[in-house]
Amino acid sequence: MLGQSIQGKSVIVTGASKGIGKGIARVFARHGAKVLVVGRDLKSAEATAKDFTDAGWIASGFSADVTKLGDMEKMAKTAAERHGGVDVLCANAGVFPQVKIEDMSPETWDEVQATNLKGTFLSVKACIPFLKKSGEGRIVITSSITGPVTGFPGWTHYGATKAGQLGFMRTACMEVAKYGITVNAVLPGNVMTEGLIELGEDYMKGMAAAVPMGKLGNVEDIGHAALFLASREAGYITGQTIIVDGGQILPESQDALSQM
Ligand code: NAP
């Protein structure tokens with residue numbers, strides 16, 4: 001059964017205290033993984049882990065900032081100490097403040113690069129020594145359709161990081177292939193999360209209307225794609241992407257949607 005190979009694996013999910021990361025962490029925990037729930041705010045990370053342990057699964061919270069190498073090293077070491085190693089890293093933490101180029105400060109640009117792109121690099125770098133020992137290490141990056149495939153005003157900095165993650169992935173997967181480690185990415189469309197809700201009801205309604213499946217995704221839709229990429233069955237897939245967007249990138253025009 002798909003997902004059975006996840007049983008007993010040590011899984012780190014960054015940005016797992018809420019949103020997509022929480023959905024990914026929940027799917028892994030439900031399939032018997034030992035999950036380290038990572039976010040900067042310890043209380044939120046622990047509260048999420050408690051949701052999982054209350055359900056009878058194995059999880060614990062950890063506070064770390066993906067922009068800091070020292071934090072990422074402590075995170076990997078803690079997962080190894082608590083859970084006997086690191087088998088899977090889900091590099092998911094990300095931020096998406098919406099601001100157009102003319103109003104964007106260099107600081108905002110840097111902050112988004114630091115979390116989304118440098119944070120991916122630092123979390124991967126810190127986990128590689130442990131993933132090597134796993135024998136079937138897996139890295140699953142949360143990218144986005146925004147940047148690699150589509151554009152949206154206000155997200156030049158964000159789109160650049162999400163496309164950058166894929167450039168990173170395509171060489172990283174070659175560097176670690178000899179250790180049996182795979183590196184792949186999930187590209188979510190618009191997924192119902194706390195972060196997205198903050199963008200307002202009008203944004204969410206507009207987005208749902210642009211999706212052939214007529215609704216936004218849910219966080220576990222992304223979790224299931226990550227679970228597949230982390231499974232033993234996906235061991236020969238590396239450097240690849242899975243788009244999980246309800247068909248959002250496909251319509252050629254508004255007319256195409258209205259003729260469905
Ligand atoms: P979210 O609901 O805002 O959650 C973000 C998570 O990341 C939180 O747990 C947050 O916890 C953590 N985080 C933020 N900065 C961090 C840092 N420097 N170090 C460690 N953790 C940090 O966001 P989301 O919508 O779930 O997005 C998660 C990922 O999915 C991002 O990479 C995003 O680009 C991608 N994505 C989202 C959508 C969508 O529709 N929502 C679509 C495509 C791609 P703390 O604040 O406590 O650190």
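Which residues is I139 in contact with, leaving aside its neighbours within four places in sequence? I will start there. The list is L89, V124, L131, I181, T182, V183 and N184. Before going on, please keep in mind that this is a predicted model.

I139 belongs to the largest nonpolar core, which has 32 residues. Within that core, I12, M75, L89, C127 and I139 touch the most other members. Several elements each supply at least two of the core residues: β2 (34-39), α3, β4 (88-91), α4 (106-134), β5, α5 (156-176) and β6 (182-188). The biggest contribution is from α4, with six residues. Apart from this core lies another one, of 29 residues, and its members include V27, V88, V219 and L227. As background, nonpolar side chains in soluble globular proteins tend to be buried together.

Is R138 buried or exposed? Its relative accessibility is 3%, and R138 therefore counts as buried, the cut-off being under 20%. The side chain of R138 reaches the backbone oxygen of A230, at 3.4 Å. R138 also sits 8.3 Å from S231, C-alpha to C-alpha, although 93 residues separate R138 and S231 in sequence.

D65 is buried yet has no salt bridge. How far away is the nearest side chain of opposite charge? That side chain is K68, and the distance is 4.0 Å. Not counting residues up to four places away in sequence, D65 touches R40, D71 and M72.

Now the salt bridges that do form. The count comes to eight. The side chain of E220 meets that of R26 in a salt bridge, at 3.0 Å from N to O. This pair links distant parts of the chain, with R26 in helix α1 (residues 19-30) and E220 in helix α8 (residues 219-230), 194 residues apart. R26 counts as partly exposed because its relative accessibility is 24%, while E220, at 16%, counts as buried.

E220 has another partner in R30, and here the closest N and O atoms are 2.8 Å apart. Again the pair links distant parts of the chain: R30 is in helix α1, E220 is in helix α8, and they are 190 residues apart. R30 is partly exposed, with a relative accessible area of 36%.

For a local case, turn to D54 and K50. Their salt bridge has its closest N and O atoms 3.0 Å apart. D54 and K50 both lie in helix α2 (residues 42-54), four residues apart, which is about one turn of the helix. With a relative accessibility of 56%, D54 counts as exposed, whereas K50, at 48%, counts as partly exposed. Elsewhere, salt bridges that share partners join K9, E136 and R232 into one network.

My last topic is the aromatic residues. A search of the whole structure finds six aromatic pairs. One of them is F152 with W155: the ring centres are 5.2 Å apart and the planes are at 50 degrees, so this pair is tilted. F152 is partly exposed, with a relative accessible area of 32%. W155 counts as buried, at 7% relative accessibility.

F152 also pairs with Y203. Why does the pair of F152 and Y203 count as edge-to-face? Their ring planes are at 65 degrees, over the cut-off of 60, so the pair is edge-to-face, with the centres 5.6 Å apart. F152 lies in the loop between β5 and α5, and Y203 lies in helix α7 (residues 201-209), so the pair ties together parts that are 51 residues apart in sequence. Y203 counts as buried, at 14% relative accessibility. F152, W155 and Y203 belong to one aromatic cluster, together with F96 and Y158.

To recap two points while the model is on the screen. D65, by contrast, is buried and has no salt bridge.

Conventions:
Residues are numbered from 1 along each chain as its sequence is written. This is a predicted model: local features need pLDDT of at least 70, side-chain atom pairs count only at pLDDT 80 or more; totals for chains, interfaces and linings use all residues. Side-chain values use heavy atoms; hydrogens and water are left out. Buried means under 20% relative accessible area, exposed over 50%, partly exposed in between (1.4 Å probe, protein chains only). Lys and Arg count as positive and Asp and Glu as negative; His and the chain ends are not counted. Contact means heavy atoms within 4.5 Å. A polar contact is a pair of N or O atoms within 3.5 Å; within protein, one must be able to donate a hydrogen and the other to accept it, and residues adjacent in sequence count only if both atoms are side-chain atoms. A nonpolar core is a set of buried Ala, Val, Leu, Ile, Met, Phe, Trp, Tyr and Cys residues joined through side-chain atoms within 4.5 Å. Rings of Phe, Tyr and Trp (its six-membered ring) pair if their centres lie within 6.5 Å; planes under 30 degrees apart count as stacked, over 60 as edge-to-face and the rest as tilted.
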